[in-house]
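Let's take a walk through this protein together. Keep the picture open and follow along as we go.

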Amino acid sequence: MEITPINSKLKSLINNPEIADVKFIVGKNKIEMYGHKTILAISSILWKNMFFTGNWSEVSQKNQEISQVVIADLEPKAFLAILHFSYLRDIELDPEITPEILYAADKFDMQELKQICLTSIVKTFTTRTALRLLEKAIKFKQHELIVTAIHYIERKSKTIFSRDKLFDKISEQTTEFILQSDNLFISEQRLFQLLVSRGKYLCLKRKIKPTPKNIRKALGNLPKLIRLDLLGLSGLKEIYNSQMYDLEMIFKRCLEIADKYENQIGSNSEKSRKVLVTREKLRVDEINVLVLVSETREQYKRDVINSIKHQGISLVTSMDVSRRIPTLEEIKDYDSIFVFSCDPFKDPVEMGNVLADYVETNRGLVICSIFALENGEYGRNLKGRIVNEGFLPIMKGRVISHQESHIGKVEVSEHPIMKEVTSFNGGKFSYRIDAKNIQTGSTVIARYEDGNVLIAENRKEDDFGAVVVLNIWPISDEISTNGNYWLTSTDGAMIIANTVQYASTI
């Protein structure tokens with residue numbers, strides 16, 4: 001005789017009035033759902049206290065056999081998921097209601113389920129879902145999810161805020177929360193445009209004419225969150241022409257701004273301009289960079305780190321991956337990672353896997369192709385997921401050397417990596433990978449004179465962050481004084497520093 005698994009028996013009891021000893025009145029429609037106190041008490045200390053201490057006002061005695069609990073702030077579908085997990089210690093999460101399940105798990109002190117929900121939600125973050133998830137996090141007062149969502153939105157703001165009508169249908173509370181952020185990589189003028197769009201939408205929804213006065217009234221206090229001090233000339237003209245602010249209001253706001261900065265730094269006008277930075281400019285001195293290096297020569301490490309610091313980055317940590325490969329938990333909080341190698345990696349497969357994991361957290365990774373992306377002839381190349389699953393913008397290739405090479409055609413001149421870059425000479429050795437073609441969906445930013453890729457990027461907004469390959473040997477002629485390595489009279493340090501700074505804003 002086959003024995004029925006206990007889970008099958010328990011599953012049959014979920015929301016089953018038969019032998020139930022507690023009835024739940026759930027949601028605004030007051031749907032009746034059923035449970036069993038002892039099973040629920042095992043799942044949560046809060047359930048246990050609720051049912052067996054007699055101190056909970058939510059519990060009323062319907063009769064001698066069944067108690068009644070009113071749960072007005074949850075919908076039945078979410079509460080059914082709570083019951084399912086309580087009975088079976090298992091759950092299939094519907095992305096649409098996972099934030100509400102998270103709220104319920106928090107409410108009933110079910111820490112395991114809470115962590116499962118948080119992990120699941122973070123995996124569903126894309127540039128199209130982040131605002132909706134932030135709104136749900138705010139609605140259900142989930143602080144940890146709010147922080148995660150706003151941090152994602154800040155890092156992806158250039159893509160997210162490029163879409164029109166973004167503020168139209170989200171709540172005023174969510175819009176206010178976003179506008180209060182100091183770390184949006186987007187112009188204040190663009191935020192103002194999205195706010196005006198929201199005002200027009202609200203006017204049409206309320207069936208009133210979208211005049212400047214009505215738009216301003218529909219937006220409530222939100223226009224006050226636009227930082228007039230961060231607007232350039234075109235932005236101030238747009239503000240003025242919109243008639244959303246009268247001249248008195250603009251002048252008053254300017255006086256408030258002047259007073260604010262004078263109180264912060266004193267009346268020294270020479271310093272004031274350094275404080276007036278736009279939201280879209282990341283404070284370089286706050287970028288936290290990790291250098292993963294497989295190279296035993298300390299002077300080589302110092303040389304690369306000095307290049308990374310060329311534009312003001314100061315927080316740089318290095319780890320020797322010729323001896324040990326770090327875990328994702330150890331590296332996930334760095335703003336960007338820079339990889340270069342001369343010696344073999346301790347475990348090239350594990351190294352490739354953890355780098356892929358890092359990029360999938362929507363972070364930016366910079367890899368110097370020498371020798372990480374050589375085709376295996378030197379036995380120092382990366383392996384694992386970062387190579388095999390479409391993360392790299394270029395394929396592995398043979399090493400080219402002893403052919404002095406200069407920067408050639410710049411394919412994307414406006415790219416942040418190319419800012420203030422006018423020259424590059426790889427030196428007499430000019431180590432690089434033979435790579436003229438790129439992977440599908442990737443972008444060549446600049447090439448060498450011979451057509452080989454110098455800088456390329458693979459960036460997929462909804463799948464992972466970005467991988468930038470610098471097809472160079474990153475050591476300068478400060479180390480090799482006979483001109484074998486890239487020449488410091490050219491812009492190698494600028495390229496390295498710009499690339500790291502760019503990767504940190506992904």
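A contact, or touch, here means heavy atoms within 4.5 Å. This is a predicted model, so to speak of local features we need pLDDT of at least 70, side-chain atom pairs count only at pLDDT 80 or more, and totals for chains, interfaces and linings use all residues. Residues are numbered from 1 along each chain as its sequence is written, and side-chain values use heavy atoms, with hydrogens and water left out.

Start with Asp 303, which sits in helix α16. Leaving aside residues up to four places away in sequence, Asp 303 touches Pro 474, Ile 475, Ser 476, Glu 478 and Ile 479. Asp 303 and Ala 493 are 190 residues apart in sequence, yet 9.7 Å apart in space, going C-alpha to C-alpha. Asp 303 is buried, at 7% relative accessible area. Buried means under 20%, exposed means over 50%, and partly exposed is in between, using a 1.4 Å probe and protein chains only.

Now look at the rest of α16, which covers residues 298–308. Helices like this one are DSSP runs of H or I with at least four residues, strands are runs of E with at least two, and both are numbered from the N terminus. Buried residues of α16 include Tyr 300, Val 304 and Ile 305. What do the buried residues of α16 pack against? They pack against the strands β5 (288–294), β6 (315–320) and β7 (336–341), plus the helix α21 (492–503).

Next come the charged pairs. Side chains of opposite charge can pair when their charged atoms come close. For a salt bridge, a side-chain nitrogen of Lys or Arg must lie within 4 Å of a carboxyl oxygen of Asp or Glu. The structure holds 24 salt bridges.

Because they are three residues apart in helix α16, about one helical turn separates Glu 298 and Lys 301. Glu 298 is partly exposed at 43%, while Lys 301 is buried at 11%.

Another salt bridge joins Glu 32 and Lys 23, with 3.6 Å between the closest N and O atoms. Here Glu 32 is partly exposed at 42%, and Lys 23 is buried at 12%.

Finally, find Arg 323 and Asp 320, whose side chains meet in a salt bridge of 3.5 Å, N to O. Arg 323 counts as exposed, with 67% relative accessibility. Elsewhere, salt bridges that share partners link Asp 357, Glu 360, Arg 385 and Glu 389 into one network.
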